[in-house]
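Trainee: I would like to go through the labels on this structure one by one. For each, I want the value and the cut-off behind it.

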Amino acid sequence: MINIKDLEELGLTTNEAKIYLASLGLGLNTIQNIAEKANIHRVSAYDIVTSLLEKGFINQIIRNKKRYFSAIDPESILD
């Protein structure tokens, strides 16, 4: 099981790791729900998710003009 320390060793900040793990646990979901699960303010979560998108840790899907996010499988990241 991947944890915050593993993700920090891969170069993520603590908050990026929290958002990634929250997204991993929730599956496809909104930033609001991901931020709530990670216990990070929603406004801050937008910047963090953008960073994770750029780093390839999270995917974005748009449905009915609403953005949803899902974490990349940890096995793919660790390889």
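Mentor: What follows is a set of labels, each checked against its rule.

Mentor: This is a predicted model, where local features need pLDDT of at least 70, side-chain atom pairs count only at pLDDT 80 or more, and totals for chains, interfaces and linings use all residues. Residues are numbered from 1 along each chain as its sequence is written, and side-chain values use heavy atoms, with hydrogens and water left out.

Trainee: Why is E16 called buried?

Mentor: Buried means under 20% relative accessible area, exposed means over 50%, and partly exposed is in between, with a 1.4 Å probe and protein chains only. E16 has a relative accessible area of 5%, so E16 is buried.

Trainee: Where is E16 found?

Mentor: E16 is found in helix α2. Helices are DSSP runs of H or I with at least four residues, strands are runs of E with at least two, and both are numbered from the N terminus.

Trainee: What does E16 touch?

Mentor: Contact means heavy atoms within 4.5 Å. Leaving out residues up to four places away in sequence, E16 touches G11, I48, S51, L52 and K55.

Trainee: What makes K55 and E16 a salt bridge?

Mentor: The rule asks for a side-chain nitrogen of Lys or Arg within 4 Å of a carboxyl oxygen of Asp or Glu. The side chains of K55 and E16 meet at 3.0 Å, N to O, and form a salt bridge. K55 sits in helix α4 and E16 in helix α2, 39 residues apart, and the pair links distant parts of the chain. By this rule the count comes to one salt bridge. Side chains of opposite charge can pair when their charged atoms come close.

Trainee: Is K55 buried or partly exposed?

Mentor: K55 has 41% relative accessibility, so K55 counts as partly exposed.

Trainee: Which backbone atom does the side chain of E16 reach?

Mentor: The side chain of E16 reaches the backbone nitrogen of T13 at 2.8 Å. A polar contact is a pair of N or O atoms within 3.5 Å; within protein, one must be able to donate a hydrogen and the other to accept it, and residues adjacent in sequence count only if both atoms are side-chain atoms.

Trainee: How do you know that the span of α2 is close to the expected one?

Mentor: The expected span is 1.5 Å times one less than the number of residues. α2 has 13 residues and reaches 18 Å from its first C-alpha to its last, close to the 18 Å expected. G27 follows α2, with a positive phi near 75°.

Trainee: Which residues of α2 are buried, and what covers them?

Mentor: The buried residues of α2 are E16, A17, I19, Y20, A22 and S23. The cover includes α1 (4–9), α3, α4, β1 (58–63), β2 and α5. Take S23: its relative accessibility is 1%, so S23 counts as buried. Not counting residues up to four places away in sequence, S23 touches I34, I58, F69, S70 and A71.

Trainee: What makes Y20 and F57 edge-to-face?

Mentor: Rings of Phe, Tyr and Trp (its six-membered ring) pair if their centres lie within 6.5 Å; planes under 30 degrees apart count as stacked, over 60 as edge-to-face and the rest as tilted. A search of the whole structure finds one aromatic pair. Y20 and F57 form this edge-to-face pair, at 5.8 Å centre to centre and 85° between the planes. Y20 is in helix α2, and F57 is in the loop between α4 and β1, 37 residues apart. Y20 and F57 are both buried.

Trainee: Which residues touch the most other members of the largest nonpolar core?

Mentor: A nonpolar core is a set of buried Ala, Val, Leu, Ile, Met, Phe, Trp, Tyr and Cys residues joined through side-chain atoms within 4.5 Å. Of the 22 residues in the largest one, L7, I19, Y20, L52, F57, I58 and F69 touch the most other members. α2 (14–26), α3 (31–38), α4 (42–55) and β2 (66–71) each supply at least two residues of this core.

Trainee: Why is L78 called partly exposed?

Mentor: L78 has 49% relative accessibility, so L78 counts as partly exposed. L78 is in helix α5 (residues 74–78). Not counting residues up to four places away in sequence, L78 touches I2 and L10.

Trainee: Why is N64 called exposed?

Mentor: N64 has a relative accessible area of 79%, so N64 is exposed. N64 is in the loop between β1 and β2. Its phi is positive, near 50°, in a residue other than glycine. Most residues other than glycine have a negative phi.
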